[in-house]
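User: I am new to this structure and would like to learn how to read it. Please take me through it feature by feature.

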Amino acid sequence: MPPLKPPVRYQDLADPQAQPRHTGIPTFFRTPHTEALDQVDIGVIGVPFDGGVTHRSGARHGPRAVRVQSALLRRYNGVTGVAPFASARVRDLGDCWIEFPYQLEAALDEIAGFYRSVVEAGVVPLSVGGDHSISLPILRAVAAAGPVGMVHIDAHSDTGDDYMGSRFHHGAPFRRAVEAGLLDPARVVQIGIRGTTNDPDMWGFSRSSGMRVIGMDEFDDMGWRAAAAEAVRVVGDGPVYLSYDIDSLDPAEAPGTGTPEAGGITMREALRLLRALRGVDFVGADLVEVAPSFDVGDITAFNGASVLFEELCLLAEARAARDAG
Ligand code: MN
Ligand code: MN
């Protein structure tokens, strides 16, 4: 069946990514929506779940806000020249919505099941949360064959333990992931960590397990270039997951998040840092904790979409390198 609105004059506009950016139903980067996994190389997936939040909720609305803002991103990376949509079939797989949202561990099991289907189909997942608790079930699928390394950019280490009777809230996923053999802590680097804590050793597990923690002051002193070089050294040659918590950014550039911390990474530093990670064998990535109800002028969702595009470029390059190798 021919399209209802065929382009008469500009044939390029048959490509939804070339159509005017204020038109169409918003998908991630204006990519086609599909659930046919055999037609997808990189799947962008919303996980509208914030049942792991300990304080200010609202990240469940993150995927929709990032979808809308991602219409501002175009087809080529203007700095690196990477063309993720040309080298891979990038599709919006829709949302991993939750049938049992009021039962945290059951909800995480649902997410893990969804991602097992995605990963077993050979699709590289790029996810938009949702709070940071979703990274644990995603890792259950991505690291099913063995522990992976991780580049984790966040104001918080998220290696906490029990909080009010739960060990699966958004401040603990990476401790659980190490315990479950999903992460190799010797190949994990955490960047941007800062802020006050309730316990002087709140993130002690990061260091005791052997993760490399680059706190915000050290990042400030060493700069994005040296931090990226250290990250590349730590994660080494094997498969690596990339987890980006939007609260790593300074609250001036990312007010729309549940747990802001003063004195964060600038968007300029974040973009340089991410681009300097080219060459790492990334097998999946996420962007979490965008909470639009706290946002101002959509700046957080827009910066989140911009981070997501750099993550997509890293995944596309790594996938192409695996294919070539
Ligand atoms: Mn986090
Ligand atoms: Mn955080």
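Analyst: Start with the whole. This is a predicted model. Buried residues make up 55% of the 325 residues in the protein.

User: How many helices and strands does the protein have?

Analyst: The protein has 9 helices and 8 strands. Its radius of gyration is 19 Å, close to the 20 Å that the globule rule gives for 325 residues, so the protein is as compact as a globular protein of that length. Along the principal axes, the C-alpha atoms fill a box of roughly 65 × 40 × 40 Å.

User: What share of the contacts comes from residues 24 or more positions apart?

Analyst: Count the contacts with a separation of 6 or more. Residues 24 or more positions apart account for 78% of them.

User: Now the metals. Which residues are the protein donors of the manganese ion (ligand 1)?

Analyst: To read a metal site, list the donor atoms first. For the manganese ion (ligand 1) they are H132 (ND1), D154 (OD), D158 (OD) and D245 (OD), at 2.1 to 2.2 Å from the ion. Next, look at the spacing along the chain. Here it is H-x21-D-x3-D-x86-D. The site links distant parts of the chain: H132 is in the loop between strand 3 and helix 4 (135-142), and D245 is in strand 7, 113 residues apart. H132 and D245 are both buried.

User: And which residues are the protein donors of the manganese ion (ligand 2)?

Analyst: The donor list for the manganese ion (ligand 2) is D154 (OD), H156 (ND1), D245 (OD), D247 (OD) and D247 (OD), lying 2.1 to 2.5 Å from the ion. Their residues are spaced D-x1-H-x88-D-x1-D in sequence. Again, distant parts of the chain are linked: D154 lies in the loop between strand 4 (148-153) and helix 5 (173-179), while D245 lies in strand 7 (residues 240-245), 91 residues apart.

User: How far apart are the manganese ion (ligand 1) and the manganese ion (ligand 2)?

Analyst: The two ions are 3.2 Å apart, and D154 coordinates both.

User: Why do D154 and D245 count as buried?

Analyst: Check the relative accessible area against the cut-off. Buried means under 20%. D154 has 0% relative accessibility, so it counts as buried. D245 is buried too, because its relative accessible area is 1%.

User: How do I read a strand?

Analyst: Begin with the side chains. In a regular strand they alternate between the two faces of the sheet. Take strand 3. V124, L126 and V128 point one way, P125, S127 and G129 point the other way, and all are buried.

User: In which sense does strand 3 pair with strand 1 and with strand 8?

Analyst: Strand 1 and strand 3 pair in the parallel sense over 6 bridges. One bridge joins V47 to G129 in strand 3. Strand 3 and strand 8 also pair in the parallel sense, over 3 bridges. There, V128 stands opposite L287 in strand 8.

User: What is the peptide bond from G129 to G130 like, cis or trans?

Analyst: Read omega. The bond from G129 to G130 is cis, with omega near 10°. G130 sits in the loop between strand 3 and helix 4.

User: What about helices? Where do helix 7 and helix 8 meet?

Analyst: Two packed helices are described by the angle between their axes and the distance between the axes. Helix 7 (residues 216-235) and helix 8 (residues 267-275) pack at about 35°, with axes 7 Å apart. F219, W224, R225, A227 and A228 in helix 7 meet E269, R272 and L273 in helix 8. By class, this contact has 5 nonpolar, no polar and 3 charged residues.

User: How many residues of helix 1 are buried?

Analyst: Helix 1 (residues 62-69) is mostly covered, with 6 of its 8 residues buried. They are G62, P63, A65, V66, R67 and Q69. Their cover includes strand 1 (42-47), strand 2 (90-95), strand 3 (124-129), strand 8 (282-288) and helix 9 (299-324).

User: Last, the backbone. What is the phi of F29 and of R30?

Analyst: F29 has a positive phi of about 55° although it is not a glycine. R30 is also not a glycine, and its phi is positive, near 60°. F29 counts as buried at 1% relative accessibility, and R30 at 10%.

Notes
Residues are numbered from 1 along each chain as its sequence is written. Chains are lettered from A and ligands numbered from 1 in the order in which they are written. This is a predicted model: local features need pLDDT of at least 70, side-chain atom pairs count only at pLDDT 80 or more; totals for chains, interfaces and linings use all residues. Side-chain values use heavy atoms; hydrogens and water are left out. Donors are N, O and S atoms within 2.8 Å of the metal (3.2 Å for Na, K and Ca); water is not among the atoms, so sites may look incomplete. Helices (H or I, at least four residues) and strands (E, at least two) are DSSP runs, numbered from the N terminus. Buried means under 20% relative accessible area, exposed over 50%, partly exposed in between (1.4 Å probe, protein chains only). Axes are lines fitted to C-alpha atoms, for helices over the stretch in contact, and angles run from 0 to 180 degrees between N-to-C directions. Contact means heavy atoms within 4.5 Å. Ala, Val, Leu, Ile, Met, Phe, Trp, Tyr, Cys and Pro count as nonpolar, Asp, Glu, Lys and Arg as charged, and the others, Gly among them, as polar. Two strands pair if DSSP finds at least two bridges between them. The radius of gyration is taken over C-alpha atoms; the globule rule is 2.2 Å times the number of residues to the power 0.38.
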